[in-house]
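The sequence and the model are shown first, and a description follows.

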Amino acid sequence: AEDEEDNFSVVQERPILKPQTISKDTCILLKVTTIIGSSPVVSECDGEYTYEPRKNMLLWTLPIIDASNKSGAMEFSATALPGDFFPVTVNFVCKRSYANLKVTEVLAVEDDSPVKFSEETVFFTEKYEVV
């Protein structure tokens with residue numbers, strides 16, 4: 001919401017998309033180009049936040065997102081222009097694939113005999129932005 005003096009009140013919400021997915025160390029980076037000498041004022045925040053004035057970035061960090069912690073929000077106000085809040089960049093790491101695929105068996109090419117194997121699944125963002 002904007003007032004007459006270019007002050008914005010912003011609510012950033014984060015819902016869980018797939019209940020079986022557990023994300024760790026989620027970081028949402030909000031570009032906040034404010035008027036020189038001002039900083040965003042965070043009034044409410046699930047998780048933790050920091051503001052990096054040299055980068056004009058408000059970093060919202062959530063240690064874990066899972067079925068018991070499905071949603072969260074951060075509310076802040078800033079003196080800025082309407083386009084000064086984008087892009088929003090999201091980084092996270094998940095120990096399951098998005099489609100929840102699992103390797104159940106590995107077979108030798110020569111005779112289809114079972115082969116011992118191990119697996120490690122990591123799903124992470126390389127570049128995820130809201131523009």
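## Fold, core and surface

Residues 24 or more positions apart account for 76% of the chain's contacts that have a separation of 6 or more. The model is predicted. The chain contains 9 strands and 0 helices, and along the sequence its pattern reads β-β-β-β-β-β-β-β-β.

Confidence in the prediction can be considered next. The average pLDDT of the chain is 79, and 81% of the residues score at least 70. Among the elements of the chain, the highest mean pLDDT, 91, belongs to strand 4 (residues 48-52), while the lowest, 59, belongs to strand 1 (residues 7-15).

Turning to the interior, buried residues make up 31% of the 131 residues in the chain. The largest nonpolar core has 17 residues; the members that touch the most other members are Ile-28, Leu-30, Val-32, Leu-58, Met-74, Phe-76 and Phe-85. Strand 5 provides the largest share, with 4 residues. In soluble globular proteins, nonpolar side chains tend to be buried together.

| Strand | Residues | Supply to the core |
|---|---|---|
| Strand 5 | 57-65 | 4 residues |

The surface is described next. The chain exposes about 9,100 Å², of which carbon and sulfur atoms supply 54%. Phe-86, Tyr-128 and Val-130 make a nonpolar surface patch of about 270 Å². One of these residues, Val-130, lies in strand 9 (residues 129-130). Val-130 counts as partly exposed because its relative accessibility is 38%, a value between the limits of 20% and 50%.

A further surface position is found in a loop. Lys-102 belongs to the loop between strand 7 and strand 8 (123-124). Its relative accessibility is 62%, and therefore Lys-102 counts as exposed, the cut-off for that class being over 50%. Lys-102 and Glu-120 are 18 residues apart along the chain, and a distance of 9.8 Å separates their C-alpha atoms.

In summary, the chain has 9 strands, a largest nonpolar core of 17 residues, and a nonpolar surface patch that includes Val-130.

Conventions
Residues are numbered from 1 along each chain as its sequence is written. This is a predicted model: local features need pLDDT of at least 70, side-chain atom pairs count only at pLDDT 80 or more; totals for chains, interfaces and linings use all residues. Side-chain values use heavy atoms; hydrogens and water are left out. Helices (H or I, at least four residues) and strands (E, at least two) are DSSP runs, numbered from the N terminus. Buried means under 20% relative accessible area, exposed over 50%, partly exposed in between (1.4 Å probe, protein chains only). Contact means heavy atoms within 4.5 Å. Accessible areas come from the Shrake-Rupley method with a 1.4 Å probe; for residues, only the protein chains shown count as cover. A nonpolar core is a set of buried Ala, Val, Leu, Ile, Met, Phe, Trp, Tyr and Cys residues joined through side-chain atoms within 4.5 Å. Patches are made of residues with over 30% relative accessible area and no salt bridge: like charges are joined within 9 Å, nonpolar side chains (Val, Leu, Ile, Met, Phe, Trp, Tyr) within 5 Å. A salt bridge is a side-chain nitrogen of Lys or Arg within 4 Å of a carboxyl oxygen of Asp or Glu. pLDDT is the predictor's confidence in each residue, from 0 to 100.
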